[in-house]
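Have the viewer open while you read.

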Number of protein chains: 2
Amino acid sequence: MALPFVIETQAGAARLGRMQTAHGPVETPVFMPVGTAASVKGVPQDTLEDLGAQIILGNTYHLYLRPGHELVRKMGGLHRFMSWDRALLTDSGGFQVFSLTSLRKITEEGVTFRSHLDGSSHLFTPERSIEIQMALGADIIMSFDECTEHPADERRTRESMEMTLRWARRCKSYFDACQCESPTKQGAPSEQALFGIVQGGMYANLRRESAERTVELDFPGYAIGGLSVGESRDKTRDMIAATLEILPKDKPRYVMGVGYPEEIVQYACMGVDMMDCVLPTRAARHGLLFTSEGRLNIKNSRFAEDQGPADPKCGCKVCSRYSRAYLRHLFVAGEPLAGVLNTMHNLAYYLDTIRAVRHAIRLGNLSGIFQEAYPLA
Amino acid sequence: MALPFVIETQAGAARLGRMQTAHGPVETPVFMPVGTAASVKGVPQDTLEDLGAQIILGNTYHLYLRPGHELVRKMGGLHRFMSWDRALLTDSGGFQVFSLTSLRKITEEGVTFRSHLDGSSHLFTPERSIEIQMALGADIIMSFDECTEHPADERRTRESMEMTLRWARRCKSYFDACQCESPTKQGAPSEQALFGIVQGGMYANLRRESAERTVELDFPGYAIGGLSVGESRDKTRDMIAATLEILPKDKPRYVMGVGYPEEIVQYACMGVDMMDCVLPTRAARHGLLFTSEGRLNIKNSRFAEDQGPADPKCGCKVCSRYSRAYLRHLFVAGEPLAGVLNTMHNLAYYLDTIRAVRHAIRLGNLSGIFQEAYPLA
């Protein structure tokens, strides 16, 4: 489980770190664009490189169904299949199968679910999730957890948390056994790292207990899952804060599935090292652009004759070249280039935002970052 | 009507030429990608530049309806609106409105049609088409013609041809009058060039007569329209050959709406200077790839584990980086990147093909080109 992680400097609770994956270094805090089915929707890989994406996320559920993890394994793993030589992370598939509320059944063994594509029946267990993620071959893989529904009372949340802990133990046992039994083709031990996931719903005491007991299992990194499921932003922050108190300071800390740009900044300032979210890419496809002046709904008629760039402070390829009027036209006309350009800009905005956070930590001064993150506050 | 055109050298009937537009030179024979609504679907403009696109085509009908030619004019014209500094050509809108068979009515005055977007009623006349194309501001604009339906008997074809000639005269009169009345903002005369269009259906005698009488009107370039409407490829070639006999050798000759790669080569060898077609871009979106080994339907399951590039002889960014297996996955999964990458490759293939034709003309040897164009023959 090789994932060297060095913290270079700190500013308050925020940490400037460096993870060394088998596919190069990742400077933290890092934002990871989501490439669900081996593609960040609409964006070629060289563009992602130009944007400075250091690590992207693939979804195990989607890749398992299509093209199938065995095919990806035959093609040399996800990196080679999608021609992405930088770092990759896969989720466990847990979040997606729990989202299939009417199509799945949860037992101690695992989750039986029906494919959203063809209705076929499948079983994900902790062991199966790890097996699939090993076939995909991402640098960082995730334990199979239960994402507790929201709202849930404390008793139900504890039960769910306990199962996540039992599943975490099964994931780690299976993963460790595979490491011993089957060295990779290169003859070296696997260079994948398996992270644990903290649950505990909206109860700070359960979050702390989940963190303590997950840390006892000794993972090379820890995620905070089950957030951004409908709770208030204050609640999200409190749950992150409660968990961060417990998580070891010398390991990467990853908050899954967040958030808006200002949240990214806030959580990084609290000491979170990794985040991912579909928001910049999904919002882009719906015409929502993140800018230094706030959010723009590009289809708004007030942009019809606006010759300015999407964001006057942004230096990305989209803002350097195209006007709001053109971006609006593309979106209204249903042109495929709309999604491509909007996604490129939103990713540039997110990646520039987190880059600015890293810069501020290096300078030891986070005060300006919050003002930029909340331009309308 | 400034459109200097120099023929640098010839090989047989094929000509290596250079058009000087207000937006830079265009080496001919040239293939023009189609950017219907101010965008070559899915492809950013810098990628088109990298691919070597010298001139692209916009559709007047689509731009008139959305975003509207007056908006484009306000935004500084189509070049500025879409941020494309190289040459542009717009069609007259004629072909599109004639295609709305159940929604249009043709009279001597022009064509009344209903928008495919909202059913609203509009009238295109020769004068109106030129007015719209002047607002769009492409370097080369086209006369409003009637694309004769196929099949059509000789009498009907002659009537249609005669109307196209009367409309060509009206287009030219209107355009010339505007040139005198309204110098452009820069104080210089307009740098747009208006081309005439030869019709005549599938009758060589009518094609020749149409060419002679269109040439009498004295345009800076001539298009051959009304082809690729369902006739055999031999018939297309014969109609082009009959027309080329008549068209002046010192003016650019443009065959509209063709064709397959091997047709592009063939017509260029016959002395055609300009061609455009939706085929590479539209086929790409349907998963059809043009390669040196013939056409590939990328969704075919035989490509599921094919680690080779789409075309082993192609040096484009797609073939340099991605496998057929990955391209197939993207297409089957409905990923937007499928259309983007497939379009990039097909355009690269077309633009490389026509570049090879230019190279062969320069070397004075076209013999190898035909073999490459018909790899499976």
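## Where the chains meet

Lys317(B) pairs up with Asp46(A) in a salt bridge, with 3.2 Å between the closest N and O atoms (a salt bridge here is a side-chain nitrogen of Lys or Arg within 4 Å of a carboxyl oxygen of Asp or Glu). The rule finds eight salt bridges across the interface of chain B and chain A. It also finds 19 residue pairs in polar contact across that interface, both residues at pLDDT 80 or more. A polar contact is a pair of N or O atoms within 3.5 Å; within protein, one must be able to donate a hydrogen and the other to accept it, and residues adjacent in sequence count only if both atoms are side-chain atoms.

On the chain B side that touches chain A, at least two residues each come from helices H1 (45-51), H3 (69-74), H4 (78-82), H12 (317-321), H13 (324-332) and H14 (336-363). H13(B) gives the largest share, five residues. Helices and strands are DSSP runs numbered from the N terminus (H or I, at least four residues, for helices; E, at least two, for strands). By residue type, that side splits into 21 nonpolar, seven polar and 10 charged. Ala, Val, Leu, Ile, Met, Phe, Trp, Tyr, Cys and Pro count as nonpolar, Asp, Glu, Lys and Arg as charged, and the others, Gly among them, as polar.

## Ground rules and totals

Keep in mind that this is a predicted model: local features need pLDDT of at least 70, side-chain atom pairs count only at pLDDT 80 or more, and totals for chains, interfaces and linings use all residues. Residues are numbered from 1 along each chain as its sequence is written, chains are lettered from A and ligands numbered from 1 in the order written, and side-chain values use heavy atoms, with hydrogens and water left out.

The contact (heavy atoms within 4.5 Å) takes 38 residues from chain B and 38 residues from chain A. Together the two chains bury about 3,400 Å², 52% of it on carbon and sulfur atoms. Buried area is the accessible area (1.4 Å probe) that two parts lose on being put together, summed over both.

Over all chains, the structure holds 61 salt bridges. One of them joins Lys74(A) and Glu305(B) at 3.1 Å, N to O. That pair crosses between chains, from helix H3 (residues 69-74) of chain A to the loop between strand S16 (294-297) and H12 of chain B. Lys74(A) is exposed at 55% relative accessible area, while Glu305(B) is partly exposed at 40%. The cut-offs are under 20% for buried, over 50% for exposed, and partly exposed in between (1.4 Å probe, protein chains only).

Within chain B, Arg233(B) and Glu263(B) meet at 3.6 Å, N to O. Arg233(B) sits in helix H9 and Glu263(B) in helix H10, so the bridge ties together parts 30 residues apart in sequence. Arg233(B) is partly exposed at 32%, but Glu263(B) is buried at 5%.

## Helix H9 of chain B
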